[in-house]
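Here is a briefing on the structure shown below.

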Amino acid sequence: MTVPEPAARRPRGQTLGAGAAVLAALAVGHVVVTAFPVDERVQASFVRPAVVGEPVELRYARLTAGEPAGSTVLDNDDGTLLATPGVWLTVPLTIEVVGRPRALSFAELLGGDGRTYTVFTGGRSWFLPGTAQPGVPRYATVRVELPPEAVAGAHLRIGSEQKDQRRDDVADIDLGLTQADADAWASDDTPVVAGAWSDEPPEQP
Amino acid sequence: MPGPAAPPDLRARARQSGSTVARRVLDQPLRRIGLGGAIVLLAATAAFGGLQEQTQDGPEALTVDAPVEVAPFELTVHRVVWTTDLPGQYLSEDGNRWIGVVATVRNTSDAGLLGGTLRDALTLTDVDGLVKEHNPIVPGVTSTSIALLEDGSSLSPVQPGLTYEAAFLFEQDGSVAPPTSATVLVQRHTWRSSSLDPTAAWWDPTTTLRGELDVREAVSDADEEVDE
Amino acid sequence: MSTTTDSPPTSRSWWRRNRWALIALPVALALALVAAGDRVRTLWWEQDLRRPTTVGAGETAQFHQRVYDGAGGTLPVDVEVRLDGVGEATTLPEDMELPAGTRAVQVDLTLSADPDVVLTGCSLAVRDAAGTRYGYVASGWGALQSATPCVPEDAPGPWPPLGDLEDALSDPDDLPRPATWSVSPVVVVPDGVELADVALWWQMPQYVLLEVAS
């Protein structure tokens with residue numbers, strides 16, 4: 001069988017070689033991108049550990065957490081009482097912002113059971129300190145509902161931006177809670193009071 | 001011959017090769033070769049699951065008082081009632097009424113969720129005169145609010161590890177007669193990242209259960225239904 | 001091995017052959033960095049006070065800026081500002097309760113502008129020598145001050161255009177703003193802060209920096 005000679009073009013070998021080089025480049029690129037998963041580390045927040053009663057220095061504020069309190073009933077200090085199928089946990093915070101007026105909007109509770117309990121800027125579990133003036137301490141309370149088994153070993157995280165805490169300071173406050181605290185709160189129906197933010201220090205009981 | 005044909009030199013080679021098959025194939029108009037090729041390709045997908053039976057034909061039937069897993073929630077629908085007066089809830093017009101789907105809600109994921117995801121998980125349909133407009137992203141009509149039975153507050157955020165008793169509230173126009181039945185649609189979500197945002201979230205509410213339930217008037221002195 | 005006094009001919013000719021590309025390379029690199037860094041401008045540079053129009057104590061600043069009006073267009077801001085003084089507020093705004101450890105500072109400003117310049121959306125702050133900014137808060141510490149601290153409360157002058165709502169919401173009986181006026185907003189600052197300057201801005205990053213007499 002005779003076939004007419006095809007028109008002169010690049011030798012087969014060169015075309016195959018170029019194709020193989022492209023595939024090799026793609027493969028190497030895939031390995032480079034997937035073999036070293038540093039995205040999370042590069043974008044991770046800077047976690048600043050703290051305990052109750054001691055100030056923690058963040059880029060944008062100095063925070064001090066007060067003694068946590070809890071019960072099965074929450075008094076929002078605005079006339080409403082909230083019940084819960086679990087327990088209420090309240091943590092008073094003293095916030096001194098640095099540099100210029102700032103509003104902190106991120107809060108989250110890492111339960112002792114490993115689950116994350118969401119704290120929003122409104123609703124049932126919320127934290128709204130408002131815009132604070134530098135040098136004037138702002139007093140605000142975090143309130144969150146959670147099951148009693150998550151109380152022991154819970155950590156409270158506080159940050160600046162509600163939606164995005166990457167690459168910025170986040171305070172991680174060990175609340176020092178035990179199962180005894182959880183049991184005491186679960187059997188208590190005296191409302192725990194947690195009001196709105198204020199620049200006046202809370203009254204000492 | 002109708003339609004464009006294969007290039008003449010290719011056909012000449014086919015004729016010269018002596019193969020009848022090659023000559024016959026290349027003598028067809030291109031359109032038929034293209035069509036034939038596509039059919040062969042589709043048929044080949046049969047080897048890779050192309051003819052497998054779809055596992056989910058449509059939503060299953062929703063039964064009252066039976067817990068259902070609709071990620072990220074576990075919902076148990078108890079009853080559907082209507083009432084004209086609910087303390088703490090405000091109707092947009094006098095004379096309108098609330099249709100409440102009473103359900104037990106549990107967040108089965110590892111993190112708290114905002115009320116918007118729960119709102120898309122249970123919707124109502126086949127009821128005339130619902131005030132809220134249908135949102136094309138979610139099947140059925142979403143509730144105006146989801147109230148915790150114990151204290152009337154709006155259920156958001158929904159924390160994991162807790163069992164909430166709540167009522168999904170839908171406002172209905174007062175000029176329409178109260179319904180005697182309604183279809184409750186229950187949706188599950190998918191945990192994935194979206195094209196714009198690499199962080200994962202709960203997307204794509206898809207109906208997995210539907211049930212036509214009786215609707216009756218709420219009995220005001222029953223302490224399980226509506227509370228102060 | 002033979003030794004030659006001049007470098008191999010192919011090496012010299014490579015440099016020669018590529019000289020224009022090599023010259024253009026650092027320029028191209030710089031341009032690439034600038035183009036890739038456009039977000040540095042919008043997400044960082046324009047989010048804080050960066051470009052001051054500075055004047056010394058008692059002097060008048062001439063400030064010009066084109067600000068976005070929120071409807072896709074721009075508005076001119078042309079105004080003269082003079083800081084008359086910064087001192088302890090002689091009378092606190094009504095109902096203001098100062099927390100412990102703070103004091104109220106009154107900022108006396110005199111401004112002049114054409115009556116048709118939109119100046120209502122301004123922000124004000126006092127700063128100390130370290131650059132810490134103490135913001136003016138209209139509704140705070142129990143008091144309610146003007147939400148437009150740079151213009152007279154009874155004659156604020158024109159507002160940014162509202163588009164279709166313009167006719168429905170604007171009041172033809174509004175007093176025209178005078179050509180020159182004075183305002184005295186009160187800012188709450190912590191005790192012990194020594195004020196260095198006053199910052200006034202309509203849209204970051206440009207602002208008026210008025211030094212405080214020391």
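Helices (H or I, at least four residues) and strands (E, at least two) are DSSP runs, numbered from the N terminus. This is a predicted model, where local features need pLDDT of at least 70, side-chain atom pairs count only at pLDDT 80 or more, and totals for chains, interfaces and linings use all residues. Residues are numbered from 1 along each chain as its sequence is written, chains are lettered from A and ligands numbered from 1 in the order in which they are written, and side-chain values use heavy atoms, with hydrogens and water left out.

**Chain A: overall form**

- Chain A has 3 helices and 15 strands.
- Its radius of gyration is 27 Å, well over the 17 Å that the globule rule gives for 205 residues, so chain A is more spread out than a compact globule. The radius is taken over C-alpha atoms, and the rule is 2.2 Å times the number of residues to the power 0.38.
- Along the principal axes, the C-alpha atoms of chain A fill a box of roughly 105 × 40 × 30 Å.
- The domain assignment gives domain 1 (11-43) and domain 2 (46-193) in chain A. Such bounds come from an automatic or database domain assignment.
- The C-alpha centres of domain 1 and domain 2 of chain A lie 47 Å apart.

- Of the 205 residues of chain A, 39% count as buried. Buried means under 20% relative accessible area, exposed over 50%, and partly exposed in between (1.4 Å probe, protein chains only).
- Chain A exposes about 11,000 Å², and carbon and sulfur atoms supply 57% of that area. Accessible areas come from the Shrake-Rupley method with a 1.4 Å probe.
- Take the contacts in chain A between residues at least 6 apart in sequence: 72% join residues at least 24 apart. Contact means heavy atoms within 4.5 Å.
- Chain A carries 17 positive and 27 negative charges, and their mean positions are 18 Å apart. Lys and Arg count as positive and Asp and Glu as negative, while His and the chain ends are not counted. Each charge is placed at NZ of Lys, CZ of Arg, CG of Asp or CD of Glu.

**A buried loop residue**

- A:Asn76 sits in the loop between β5 (74-75) and β6 (81-82) of chain A.
- A:Asn76 counts as buried because its relative accessibility is 10%.
- Leaving aside residues up to four places away in sequence, A:Asn76 touches A:Leu82, A:Trp126, A:Arg143, A:Ala194 and A:Gly195.

**Chain pairs**

- There are 2 pairs of chains in contact, and chains A and B share the most contacts.
- Chain B and chain C do not touch, and their nearest C-alpha atoms are 17 Å apart.

**Backbone exceptions**

- Most residues other than glycine have a negative phi, and most peptide bonds are trans.
- The bond from B:Ala71 to B:Pro72 is cis, with omega near 0 degrees. B:Pro72 is in the loop between β2 (68-70) and β3 (73-83) of chain B.
- The bond from C:Met204 to C:Pro205 is also cis, with omega near 5 degrees. C:Pro205 lies in the loop between β11 (195-201) and β12 (206-211) of chain C.
- B:Asp204 is not a glycine, yet has a positive phi of about 55 degrees. B:Asp204 is placed in strand β9 (residues 200-217) of chain B, and counts as partly exposed at 34% relative accessibility.
- C:Asp95, not a glycine either, has a positive phi of about 70 degrees. C:Asp95 is in the loop between β3 (74-88) and β4 (102-112) of chain C, and is exposed, with a relative accessible area of 57%.
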